[in-house]
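This briefing concerns the chain shown below.

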Amino acid sequence: MVDSVIDKFGRRVEQRVLTKEPLSSYTSFHIGGPAEYLYTPCGEEDLVCALRAARAFKMPTTVIGNGTNVLVSDRGVEGLVVRLMETSLQPVMEKGLVLARAPMPLSSLLDFAMSQDLSGLEYLVSIPGTVGGAIFMNAGSFSQAISTHLAYVEVLDPNLEYVMKKHEDVDFDYRYSEFQESGAIILGAAFDLEAGDGATIRSTAARIRSEKHAKQSWEHPNAGSIFTNPPTTYAGKLIEEAGCKGLQVGQAQVSGKHANFIVNLGGATAFDVTRLMDIVVQRVYARFNVRLSPEIRLLGDFS
């Protein structure tokens, strides 16, 4: 079947269609079974070509960025997994806006903004992943979110048509964007940032980076915060006070440094992580009558 799929994609992309590729190599958790087909497009024309091919074969399609906020099933993911990640992309300035493409590393956007003495994105320092992934999750920290300075976003709608949506026409909330439900695929975005003092901007970014590295777990593979914060408190605080720090299932462990991180001590499975998540949810609910909700995306069959 792969030859038929490649014919639909076009022979020029043959070397970038991988079959039964372990997704553990493409996630920050280092966990996950194989993708039936894994494809990294080279530009948006290739992306549309791949999506049309998958649709022609009635193949399910999953889009990921740099795999930093996902947990992939041990069984893997059926159909086509499209990985939008291009480290060579760089932002540009146009009519006072900073333009960035979705597969671009988020760090490239932040570095560019700081090099131009533009303020507004400093709080995103040390958040891994891509620009598209950050918009998809409405990523942020310190009570700020990437959507705050978003001018517009470019997407492929469910019909694979190009659409530009202004910020005010997109539904954003805490760790939520409408793209998590709409089926639209983020292509790029424009940011309206504020001119500031370069030294102050870089000093603020350095302080935030230092605070994050002091509090968060970087020693072992992880996917960042596992649960969203409840409205009036922090998930990590509840998890710690419920006595879950250091709790372990298999090789998955609630971090002793930040209770809202689960780390892979080496060889952890998705089953280990989800079982540990269930135990944490149960203990927090029993102690505080608060039911935690996952922030990470679960990809594949977890039944």
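In α3, the buried residues are Leu-106, Ser-108, Leu-109, Leu-110, Phe-112, Ala-113 and Met-114. The model is predicted. Helix α3 covers residues 106-115, and seven of its ten residues are buried, so the helix is largely enclosed by the rest of the structure.

- The cover over the buried residues of α3 includes the strands β6 (92-94), β7 (97-101), β8 (118-119) and β15 (185-191).
- The helices α4 (131-137) and α6 (198-215) are also included in that cover.
- Asp-117 follows α3 and has a positive phi, near 55°.

**Helix α2**

- Helix α2 comprises 13 residues (residues 44-56), which at 1.5 Å a residue should span 18 Å; the C-alpha atoms at its ends are 18 Å apart, in agreement with that expectation.
- Its buried residues are Asp-46, Leu-47, Val-48, Ala-50, Leu-51, Ala-53 and Ala-54.
- Lys-58, a residue with positive phi, follows α2.

- The protein chain is divided into three parts: domain 1 (2-83), domain 2 (92-214) and domain 3 (218-299).
- Between the C-alpha centres of domain 1 and domain 2 the distance is 25 Å.
- Eleven residues of domain 1 are in contact with eleven residues of domain 2.
- The size of an interface is often expressed as the accessible area lost when the parts come together.
- For domain 1 and domain 2, the buried area is about 900 Å², and carbon and sulfur atoms give 67% of it.
- Two residue pairs are in polar contact between domain 1 and domain 2, both at pLDDT 80 or more.
- The count of salt bridges between these two domains is one.
- On the side of domain 1 that touches domain 2, α2 supplies the largest share, with six residues.
- A salt bridge joins the side chains of Glu-44 and Arg-101, with an N to O distance of 2.7 Å.

**Residues with positive phi**

- Most residues other than glycine have a negative phi.
- Lys-20, in strand β1 (residues 17-22), has a positive phi near 50°.
- With a relative accessible area of 57%, Lys-20 is exposed.
- Lys-58, in the loop between α2 and β3 (61-64), has a positive phi near 55°.
- Lys-58 is likewise exposed, since its relative accessible area is 75%.

**Val-170**

- Val-170 is located in the loop between β12 (162-166) and β13 (172-173).
- Its relative accessible area is 9%, under the 20% limit, and Val-170 is therefore buried.
- Beyond its neighbours within four places in sequence, Val-170 is in contact with Val-153, Lys-165, Glu-178 and Phe-179.
- Tyr-152 lies 18 residues from Val-170 along the chain, and the C-alpha atoms of these two residues are 8.8 Å apart.

**Gln-253**

- Gln-253 belongs to strand β19 (residues 252-254).
- The side chains of Gln-253 and Gln-248 make a polar contact at 3.3 Å.
- Leaving aside neighbours within four places in sequence, the residues in contact with Gln-253 are Gly-246, Leu-247, Gln-248, Phe-261, Ile-262, Val-263, Leu-265 and Leu-276.

Conventions. Residues are numbered from 1 along each chain as its sequence is written. This is a predicted model: local features need pLDDT of at least 70, side-chain atom pairs count only at pLDDT 80 or more; totals for chains, interfaces and linings use all residues. Side-chain values use heavy atoms; hydrogens and water are left out. Helices (H or I, at least four residues) and strands (E, at least two) are DSSP runs, numbered from the N terminus. The expected span of a helix is 1.5 Å times one less than its number of residues. Buried means under 20% relative accessible area, exposed over 50%, partly exposed in between (1.4 Å probe, protein chains only). Contact means heavy atoms within 4.5 Å. Domain bounds come from an automatic or database domain assignment. Buried area is the accessible area (1.4 Å probe) that two parts lose on being put together, summed over both. A salt bridge is a side-chain nitrogen of Lys or Arg within 4 Å of a carboxyl oxygen of Asp or Glu. A polar contact is a pair of N or O atoms within 3.5 Å; within protein, one must be able to donate a hydrogen and the other to accept it, and residues adjacent in sequence count only if both atoms are side-chain atoms.
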